[in-house]
Amino acid sequence: MSALDTAAPAAEANYLNRDYRLWSWLTTIDHKRIAWLYLVSITGFFFAGGAAATLMRLELATAPGDWVEAETYNRLFSLHGIAMVWFFLIPSIPATLGNFLIPLMIGARDLAFPRLNLLSWYLYVIGGVSTLAMVIAGGVDTGWTFYVPYSTLFSDTPVVLAVVGVIVAGFSSILTGLNFIVTIHKMRAPGLTWFRLPLFVWAHYATSIIMVLATPILAATLLLIVLERVFGLGIFDPQAGGDPVLFQHLFWFYSHPAVYIMILPGMGVVSEIVACFAKKPIFGYRGMALALLAIALVGFLVWGHHLFVAGQSIYASVVFSLLSFIVAVPSGVKVFNWTATLHRGTVSFDTPMLYALGFIGLFTIGGLTGVTLAALAVDAHVHDTYFVVAHFHYIMVGGMVSAYFGGLHFWWPKMTGRMYPDLWGRVAAVMLFLGFNLTFFPQFILGFQGMPRRYHSYPPEFEALNQLSTAGAAVLALGYLLPLFYLSFSLVYGPKAGANPWGAKGLEWTTPSPPGEFNFDRVPVVTEEPYAYATPERKIERG
């Protein structure tokens with residue numbers, strides 16, 4: 001046997017083993033590597049925000065404020081909200097899975113503007129570092145909304161640092177959205193018409209429209225806060241002749257559509273997973289695509305439902321209430337169509353599917369409670385209570401994070417070329433679902449009974465439900481930590497994954513796992529409809 005025969009076969013070149021140097025990662029313009037840069041950064045912010053939430057829940061386990069001072073508690077919930085909303089929830093799926101998958105799904109070699117893509121990540125990191133500087137300087141007690149007068153002349157905490165960090169991260173979001181829109185318009189493979197696009201791509205297209213149109217409003221609003229604090233201008237502070245309600249209008253004009261920046265990509269992920277693990281085409285595909293656009297567009301018209309008790313006109317409140325009911329219709333269409341896709345499907349309960357089913361359940365509860373909040377009388381009763389906290393978390397954390405974890409487990413073999421232990425994945429998915437419900441369902445009851453949010457002490461009659469919530473948070477934390485360990489383990493020791501381990505449809509599954517540097521050896525030509533799974537034969541009943 002010759003030396004040539006005994007030599008180990010050379011590893012197939014791919015985007016991961018092309019160059020291992022740190023510099024090559026920090027200067028890469030490969031969309032797949034940039035997705036990894038985001039993944040690592042976002043995971044750091046996720047656990048920073050989660051640590052603050054853990055400390056809050058420990059404080060709330062007992063009725064008296066006996067563990068941290070009120071000021072410290074204010075800074076903890078502000079840190080939790082700022083880290084989670086601005087640096088995890090908004091960029092998570094678009095910046096990681098969207099960055100990695102959109103070119104692969106449309107048959108392109110990269111995004112339209114690769115260097116702009118890398119710049120987006122650097123802006124995101126700079127924004128995050130600015131926020132960490134805020135923490136080192138003593139924390140901010142304004143909450144993630146930066147409501148005035150807390151954020152104007154009233155607060156003596158380093159609000160400007162935090163606000164500037166969010167503004168810079170906002171530019172990252174705008175550039176990412178712009179990149180996605182141009183890429184989807186101009187770089188689709190031959191034969192890939194609009195109604196052959198995966199719903200994941202449709203979801204990111206709708207999300208990108210919101211990013212590009214709404215985020216500048218947020219940047220301008222936060223810049224006005226900076227000008228008011230630095231130069232003492234009277235814009236929002238009533239003591240200086242400003243109008244605090246104006247801030248709420250401007251803030252929610254961005255921030256309500258931002259809810260859809262967070263949830264629409266999750267809907268795209270769930271659509272891909274449900275079709276794959278039911279082995280059926282998505283029911284009502286065109287309706288699903290149009291529903292994504294409808295949610296994005298109508299979402300611009302409902303910001304006023306956050307101001308029902310802020311002093312706006314009752315007539316305006318009635319209009320915003322009606323529009324808020326209307327936006328629930330396309331969301332309901334999606335839940336109905338996912339359920340119809342599962343009907344008579346060949347359903348398998350692998351880890352990604354468990355996360356997707358968890359998403360559908362939690363999103364449905366969050367959506368239905370959102371509809372109740374659109375009713376003026378109910379909103380007046382539960383405004384600023386734990387009912388709102390629970391509703392928000394069912395959509396943003398229960399729904400979006402379930403979708404994020406589902407997508408990560410679904411495309412992990414494609415991203416890494418490695419499989420993970422499915423049993424541990426299923427355990428983590430179940431723990432997340434159970435822990436989440438134990439944490440946040442009691443908060444619906446607390447809110448309806450009148451417990452206000454953002455208090456570090458509360459009357460003793462609320463203690464039992466708060467202790468249930470804290471116990472649930474412990475289970476939830478384990479559900480979040482488990483994937484960190486077994487996914488890291490799989491990077492080195494996981495069995496090698498084939499090109500298409502799930503038997504899924506889509507161009508990304510026609511590439512090796514992990515893909516090469518330029519995705520495709522030749523430009524693919526699309527000739528079939530999306531989700532072209534074999535339709536199960538109907539059973540014919542014979543009399």
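Trainee: Where is N519 found?
Mentor: N519 sits in the segment after helix 16. Helices here are DSSP runs of H or I with at least four residues, strands are E runs of at least two, and both are numbered from the N terminus.
Trainee: Before we go on, what kind of model is this?
Mentor: This is a predicted model: local features need pLDDT of at least 70, side-chain atom pairs count only at pLDDT 80 or more, and totals for chains, interfaces and linings use all residues. Residues are numbered from 1 along each chain as its sequence is written, and side-chain values use heavy atoms, with hydrogens and water left out.
Trainee: Which residue has a phi near 60 degrees?
Mentor: D384, where phi is positive in a residue other than glycine. D384 is in the loop between helix 13 (376-382) and helix 14 (386-416). With 36% relative accessibility, D384 counts as partly exposed.
Trainee: Why point these out?
Mentor: Most residues other than glycine have a negative phi, and most peptide bonds are trans.
Trainee: Which peptide bonds are cis, then?
Mentor: The bond from V148 to P149 is cis, with omega near 5 degrees. The bond from S513 to P514 is also cis, with omega near -5 degrees.
Trainee: Where are P149 and P514?
Mentor: P149 is in the loop between helix 6 (114-136) and helix 7 (159-186). P514 lies in the segment after helix 16 (463-493).
Trainee: What about T145?
Mentor: T145 is found in the loop between helix 6 and helix 7. T145 is buried, at a relative accessible area of 5%.
Trainee: What does T145 touch?
Mentor: Setting aside residues up to four places away in sequence, T145 touches F247, F251, W252 and R454. Contact means heavy atoms within 4.5 Å.
Trainee: New topic. How many residues has the largest nonpolar core?
Mentor: The largest nonpolar core has 152 residues, and W86 and F146 have the most contacts inside it. Such a core is a set of buried Ala, Val, Leu, Ile, Met, Phe, Trp, Tyr and Cys residues, joined through side-chain atoms within 4.5 Å.
Trainee: Which helix gives the most to this core?
Mentor: Helix 9 (residues 244-278), with 19 residues.
Trainee: Now the outside. Is I314 buried or exposed?
Mentor: I314 is exposed, with a relative accessible area of 51%. I314 is found in helix 11 (residues 314-342).
Trainee: And the whole chain? How many helices and strands?
Mentor: The protein chain has 16 helices and 0 strands. Buried residues make up 55% of its 543 residues.
Trainee: What box do the C-alpha atoms fill?
Mentor: Roughly 85 × 70 × 45 Å, taken along the principal axes.

Technical notes. Buried means under 20% relative accessible area, exposed over 50%, partly exposed in between (1.4 Å probe, protein chains only).
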